[in-house]
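Okay, thanks for coming, everyone.

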Amino acid sequence: MAMAALLLLVPLFFVGAVLVLHAARRVNKKAGLQPYPLLGHLPQFVANRHRILDWMTEVLASQPGCTLVLRRPGVQGVVTANPANVEHILRASFDNFPKGPRFGSILHDFLGRGIFNADGEAWRTQRKAASYEFNTRSLRLFVAQSVHSELHGRLLPLLRRAVSSGQSIDIQDTLERYAFDNICRVAFDHDPRQLPDGDEGGGGNGASPDADSGRFADAFRDAANISAGRFRYAVPGFWRVKKAFNLGSERRLRESIAMVHGYADRIIRSRREEISMGCEKHDLLSRFMVSQSDSYTETALRDVVISFLLAGRETTSSALTWFFWLLSSHPDVERRIRDEVAAVRARRAQGDLDNAGFDLDELREMHYVHAAITESMRLYPPVPFNTLDAQVADVLPDGTAVGAGWFVAHNSYAMGRMESVWGADAREYRPERWLDLAEGTFRPESPFRYVAFHAGPRICLGKEMAYIQMKSIVSCVLEEFELEVNGEYRPRQVASLTLRMADGLPVRVKARGH
């Protein structure tokens with residue numbers, strides 16, 4: 001019976017694909033917003049799939065209110081880059097726009113009912129517990145110590161070896177390995193050793209993790225990438241057919257998730273034993289176990305931890321990769337960053353001048369560094385778009401009608417390029433737009449204009465910790481090194497769960513002054 005269904009679906013899918021591709025070849029990639037009968041905007045979507053974010057930016061910029069009603073077979077919804085609409089969706093009518101069953105089902109196999117995939121009471125319970133933990137000084141100190149240890153024990157020594165060898169490295173891959181090591185320490189005090197220790201050769205980007213840790217890291221990356229791929233099917237939901245028959249990417253996803261879940265379950269069981277023996281730990285998993293011991297099953301704990309691993313691995317590495325690429329063509333910004341870092345170090349007591357790194361108070365003094373990173377994320381947000389579901393029909397502030405059951409997406413990549421939001425220089429990289437010119441201090445914007453850390457009740461709890469990590473890396477790397485990027489290199493975007501460079505970012509590392 002199942003085979004008969006598959007044999008029926010395959011020719012139907014083939015015929016549909018031929019029709020879509022035929023229509024896509026006739027699409028004017030700069031225009032052509034009129035939906036096709038039955039196919040909706042699918043031909044335009046397919047014709048521009050290799051440049052989907054830039055295409056959506058062009059489309060939204062051409063629409064009244066920077067908002068588009070988008071139609072594809074089986075899917076209808078609204079995409080917006082209008083701050084008033086975003087505030088309505090994320091704050092004013094928050095309860096009407098949950099993640100919804102479509103988003104939840106796509107990521108459920110990987111994230112379960114973790115905080116980033118949950119709605120309603122399940123989300124509120126996790127959010128309350130996580131909010132308390134993220135606001136404790138002890139966790140902030142634990143994060144700062146983990147960042148310092150990984151930065152000075154692994155990342156900087158790796159860059160020094162790259163200077164000595166003269167070989168180029170992929171800084172995106174390096175930062176992803178760094179971020180994964182760091183978030184594993186913070187989330188459950190485990191070290192997968194994706195970057196080698198300072199005294200290990202490790203050559204290039206390679207590390208020397210134990211076999212299980214290496215398989216866990218590889219499986220986690222594959223599970224995240226394949227799960228994200230479910231959003232990009234031209235025919236929504238076709239992944240379900242592949243999953244039902246255990247085919248292709250869905251078979252790899254099943255295997256990767258089994259590896260990730262099994263590894264996390266072993267750590268959770270081991271941690272329960274450690275806590276029962278009186279061992280004190282400061283990581284997120286241990287904190288949840290101690291404070292929520294009666295309300296979290298092992299499966300629920302695993303979902304919480306995997307959600308935080310995903311957020312910590314994907315976001316800061318994406319932000320910093322695009323930051324270093326932008327910096328390579330803005331030497332004036334690089335100079336001002338180095339001047340500020342040098343000034344902060346010079347204010348230390350004489351005996352502390354040579355101490356490695358910077359403490360939390362010193363990082364807070366780096367207003368221009370903060371502005372430069374923030375401006376980079378305005379143009380290249382780690383999470384370039386976010387999708388929600390409308391529970392009941394609604395009308396957005398710009399007058400766009402939304403039907404019940406429609407998806408509603410805000411596109412922060414497009415919003416960062418809207419002249420109606422940021423002015424005529426919206427596409428320029430200009431950190432000064434974030435500074436109070438009289439005081440030289442950082443001046444935040446409305447989170448509904450700048451949605452890099454989400455906004456409203458779901459605003460990112462790890463925002464401060466992300467800045468601690470990013471400012472630590474930027475200040476220490478630029479104080480000691482120059483990262484040289486080929487001026488002709490133009491990265492190709494690939495939207496996984498975050499915005500990544502398809503071919504990485506090759507850089508040559510040079511010591512300052514050489």
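**Sheets, rings and a buried arginine**

Let's begin with a sheet of three strands, which is open, has the order E3-E13-E10, and pairs in the antiparallel sense. Who stands at the edges there? That would be E3, residues 169–170, and E10, residues 481–484; each has a single partner strand, so one side of each has no neighbour in the sheet. And before I go on: this is a predicted model, so please keep that in mind throughout.

Between E10 and E13, which covers residues 506–511, there are four bridges, and the pairing is antiparallel. If you want one to click on, take Phe481: its bridge partner in E13 is Ala511.

Okay, on to the other sheet I want to show. This one is open too, with four strands in the order E1-E2-E7-E4, and here the pairing is mixed. At the edges you find E1 and E4, each with a single partner strand, so again one side of each is left without a neighbour in the sheet. On average, neighbouring strands in this sheet are turned by 25° against each other, if you ignore direction.

Let's go across it strand by strand. E1, residues 67–72, is joined to E2 by six bridges, and the two run antiparallel. They make a hairpin with two residues between them, and in that turn Gly74 has a positive phi of about 80°. Val69 has Val78 as its bridge partner in E2.

In E7, the bridge partner of Val78 is Val408. E2 and E7 are joined by four bridges, and this time the strands run parallel. So is E2 enclosed or open to the outside? Five of the six residues of E2, which spans 75–80, are buried, so the strand is largely enclosed by the rest of the structure.

What lies across E1 and E4? That's helix H5, running at about 120° to E4. H5 is also our way into the helices. H5, residues 100–111, packs with H9 at an angle of about 170°, with the axes 10 Å apart. That angle makes H5 roughly antiparallel to H9. On the H5 side, the contact comes from Ile106, Leu107 and Phe110; on the H9 side, from Phe220, Ala223, Ala224 and Ser227.

Over the whole structure, the search finds 19 aromatic pairs. Take Phe216 and Tyr263: the ring centres are 4.3 Å apart and the planes are at 15°, so this pair is stacked. The two sit in distant parts of the chain, 47 residues apart, with Phe216 in H9, residues 211–229, and Tyr263 in H11, residues 248–276. Phe216 has 0% relative accessibility, so that one counts as buried. Tyr263 counts as buried too, at 6%.

For another kind of geometry, look at Phe453 and Tyr467, which are tilted, with 5.5 Å centre to centre and 35° between the planes. Phe453 comes from the loop between E9 (441–442) and H19 (463–480), and Tyr467 from H19, 14 residues apart. Phe453 is buried, with a relative accessible area of 10%, and Tyr467 is buried at 6%.

Some rings have a charged side chain over the face. Lys99 lies over Phe103, at 4.5 Å from the ring centre, and Arg449 lies over Trp422, at 4.3 Å.

One more arginine, and then I'm done. What does Arg154 touch, not counting residues up to four places away in sequence? The contacts are Ser149, Asp181, Arg185, Asp191, Arg193, Leu195, Pro196 and Asp197.

Okay, over to you.

Methods:
Residues are numbered from 1 along each chain as its sequence is written. This is a predicted model: local features need pLDDT of at least 70, side-chain atom pairs count only at pLDDT 80 or more; totals for chains, interfaces and linings use all residues. Side-chain values use heavy atoms; hydrogens and water are left out. Two strands pair if DSSP finds at least two bridges between them. Rings of Phe, Tyr and Trp (its six-membered ring) pair if their centres lie within 6.5 Å; planes under 30 degrees apart count as stacked, over 60 as edge-to-face and the rest as tilted. Buried means under 20% relative accessible area, exposed over 50%, partly exposed in between (1.4 Å probe, protein chains only). A charge sits over a ring if NZ of Lys or CZ of Arg is within 6 Å of the ring centre and within 35 degrees of the ring normal. Axes are lines fitted to C-alpha atoms, for helices over the stretch in contact, and angles run from 0 to 180 degrees between N-to-C directions. Angles under 35 degrees count as roughly parallel, over 145 as roughly antiparallel, 65 to 115 as roughly perpendicular and the rest as oblique. Contact means heavy atoms within 4.5 Å.
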